[in-house]
Amino acid sequence: MNLQNTMYLQMKDGFNAKPGKIIQVKDLVIVLADHTVKTEVLNIEVLKIAKNANAHIVVSILTIIEKIKEIYPQVNIFPLGDSEILIKISNLSEKENKVWLIIRLTIVCSILFVGAGLALMNFHADVNMRQAHKEIYKMITGIDNKKPLILHIPYSLGIGLGMAVFFNHILPQKFSNEPSPMEVEMASYRKSMDEFILNNEKNTEEK
């Protein structure tokens, strides 16, 4: 393939940056071109994040093409895939991000733990699970036991184990590398959020 006067650009999924950072072509797109041209193109400055920048910046492929054309007007550029990329701006340092993540994770886990516990308790109260265990124990053993712990305990442990297996957090990564249902839902949520922002945020050449 002769790439001397031909260049292909493909947008990346997204990019995280901090205020004051200089965004280059290599941060936003994957470039397929002649090696000499590609090396220089990857270091072309697209924009600089302002100190008071918004939380999100949308950059169009047209902006990148315009920057490249200023230096290589003779190159034929063919964009592939998405036409825009979302840059997420964070004012927090890496350490602050980790601390904030731990705080949010602790709050969310606490709320989910209490909520899940109450939901299970209400469900078992509605279906009268205690009486069901008593009847099952009586049918098997013929003994009327008011507290059949031999059924209560394995049942309680089984609920936790079943949820852990369902969310794919029991098997080591080397045995199962498929994402859990929660990870799939989170990825779908992030994708929907990014698409919404891309559809409603002005891109750089419109400002």
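**Figure 1. Leu-9 and the residues around it in the predicted model.** Setting aside residues up to four places away in sequence, Leu-9 touches Val-29, Ile-30, Val-31, Ile-61, Ile-64, Ile-65, Ile-68, Ile-77, Phe-78, Pro-79 and Leu-80. A contact here means heavy atoms within 4.5 Å. This is a predicted model, in which local features need pLDDT of at least 70 and side-chain atom pairs count only at pLDDT 80 or more, while totals for chains, interfaces and linings use all residues. Residues are numbered from 1 along each chain as its sequence is written, and side-chain values use heavy atoms, with hydrogens and water left out.

**Figure 2. The largest nonpolar core.** This core has 29 residues, and those with the most contacts inside it are Met-7, Leu-9, Leu-28, Ile-64 and Ile-87. Helix H3 (residues 61–71) gives the most to the core, with four residues. A nonpolar core is a set of buried Ala, Val, Leu, Ile, Met, Phe, Trp, Tyr and Cys residues joined through side-chain atoms within 4.5 Å. Buried means under 20% relative accessible area, exposed means over 50%, and partly exposed lies in between (1.4 Å probe, protein chains only). In the chain of 207 residues, 24% are buried.

**Figure 3. The second largest pocket and its lining.** The volume of this pocket is about 380 Å³, taken as the space filled by probe spheres set on grid points that are joined across faces, edges and corners. A pocket is an open set of points on a 1 Å grid over the protein atoms alone, where a 1.4 Å probe fits, with protein on both sides within 12 Å along at least five of seven lines; lining residues have an atom within 4 Å of a point. Of the 16 lining residues, Asp-13, Gly-14, Lys-191, Asp-194 and Leu-198 lie nearest the centre. Strand E2 (15–17), strand E8 (84–89) and helix H7 (181–200) each supply at least two residues of the lining. H7 gives the largest share, six residues. By class, the lining has five nonpolar, two polar and nine charged residues. Ala, Val, Leu, Ile, Met, Phe, Trp, Tyr, Cys and Pro count as nonpolar, Asp, Glu, Lys and Arg as charged, and the others, Gly among them, as polar.

**Figure 4. His-133 in helix H5, with Lys-146 in a loop.** His-133 is buried, at 8% relative accessibility. Apart from neighbours within four places in sequence, His-133 is in contact with Pro-148, Leu-151, His-152 and Tyr-155. Lys-146 sits in the loop between helix H5 (129–141) and helix H6 (149–166). Lys-146 is exposed, with a relative accessible area of 66%.

**Figure 5. Asn-128 in the loop between helix H4 (94–127) and H5.** The phi of Asn-128 is near 55 degrees, a positive value in a residue other than glycine. Most residues other than glycine have a negative phi. Asn-128 is partly exposed, with a relative accessible area of 42%.

**Figure 6. Leu-47 in strand E5 (residues 45–48).** Leu-47 counts as buried, at 15% relative accessibility. Leu-47 and Ile-23 are 24 residues apart in sequence, and their C-alpha atoms are 5.4 Å apart in space. The chain has seven helices and eight strands; helices (H or I, at least four residues) and strands (E, at least two) are DSSP runs, numbered from the N terminus.
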